[in-house]
Amino acid sequence: MQVEVVVVVVAVLGLGVAALSSSIDRLPVSEPLLAVVAGVLVGPRVLGWVALPELGGGAHELREVAVVLLAVSMMAIALRYPIADVRRRAGPVGLLLGVLMPVMALASAGVAWAVLGPAAGLGAGAALLLGVAVCPTDPVLSSSVVTGGPAERDIEERTRQLLSLESGANDGLALPLVVVAVAVAGPLTGGEAGLEVLRSVLGALALGAAAGWGAGRAVRLGEQHRDTSPAQAVLFTLVLALGVLSAARLLDVGAVLAVFVAGLVLNATWTSDDRVRALTVDEALNKYAVLPVFGLLGVALPWSAWAETGWVLVLLVVGVLLLRRLPWLLALAPVLRLPRRDALFLGWFGPIGVSALYYLIEVGERVPGSGIVVTAGTAVVAGSTLVHGLTGSPGRAAYARVERG
């Protein structure tokens, strides 16, 4: 019965989003935020129609839904821009991945240790686990900021591309950081962590490249025989994302990274018409595919654990949102050749969402006694969903009003 309730709520919410889509784009609210609110309303704390284990006490189902959404999102981002634009942004994106991402992990860990160490006894190893889990920029929440007519009209194309490509790449590349943090926390030795990182990353690159090349060849053959229609192209990208995800998990390599690489290689083989057809997936993802996972998140929020930890979690959320990304992006702005308004926009809109949720659940399953990490991390995810959901439309409008410089 509970599954049916969730499906009905998501369907009703989807109808509302479809009917009010243009109005939602102008309001200070996002589809993920609406889904979280709906989940809270039908969850055990309000109406009590649906009950799931609170995050931190077992959330296997939510992790499975989250990784599927991440896979589809990775494919959409990889196909969002022409491959020539992707190559042109490789340098700045590499800097964001190689410098900014580790700094964001350390900054978040530092905030967590400073805030929760004295108040909740959070050790350095646990703080590092929390920091690496919340460091990746979420592709789902960031997509709602940089896609759609208003975003394409108001925001510079280069800025949108940098945020999209960074959020796609760093979701997969966060896995090595998580493995290193798990080794620091104790369950893995240094050698075991090194082997896992190599297997996960190199395996993901090989699998993604092979799958993307094979998919591109299949599309070309279909076009030669006039067997490829726009609807088939859209469904093909979804099937490819889920197929690569499943293959990566069977081979025990980095699933999210493998899907992103497959999408990039496929993008390199496609014509511009193919890519335009695939953008239908991107738009649908931002509007509808996010609803189930954020609805389930609203149901499973760990209210009891939050209450036990206390108001110190508010300090954690504020500290992470302000110090995790913004100051470091502003420091890198000259190297990235970003005008101040673009640096402020990219520094603020680096939301924490589905990817962090996935890694937090992963940490909870791999590291015994990491309940406080999951509790604190979900508070950060909920806070980012709320704050970035409320500031997306006003932030875009403010960006459009400010002159470059």
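This is a short walk through the structure above, from the whole chain down to one residue.

The model is predicted, so local features need pLDDT of at least 70 and side-chain atom pairs count only at pLDDT 80 or more, while totals for chains, interfaces and linings use all residues. Residues are numbered from 1 along each chain as its sequence is written, and side-chain values use heavy atoms, leaving out hydrogens and water.

Let's begin with the overall build. The protein chain has 20 helices and zero strands; here helices (H or I, at least four residues) and strands (E, at least two) are DSSP runs, numbered from the N terminus. Of its 405 residues, 56% are buried, meaning under 20% relative accessible area with a 1.4 Å probe, counting protein chains only; exposed means over 50%, and partly exposed lies in between. Contact means heavy atoms within 4.5 Å. Among contacts between residues at least 6 apart in sequence, 85% join residues at least 24 apart.

Helix α4 is mostly covered, with 14 of its 19 residues buried.

Finally, visit V253, in the loop between α12 (230-251) and α13 (255-269). Why does V253 count as buried? Because its relative accessibility is 13%. Leaving aside neighbours within four places in sequence, V253 is in contact with R199, S200, G203, A204, L207 and A248. The C-alpha atoms of V253 and L198 are 9.2 Å apart, although 55 residues separate them along the chain.
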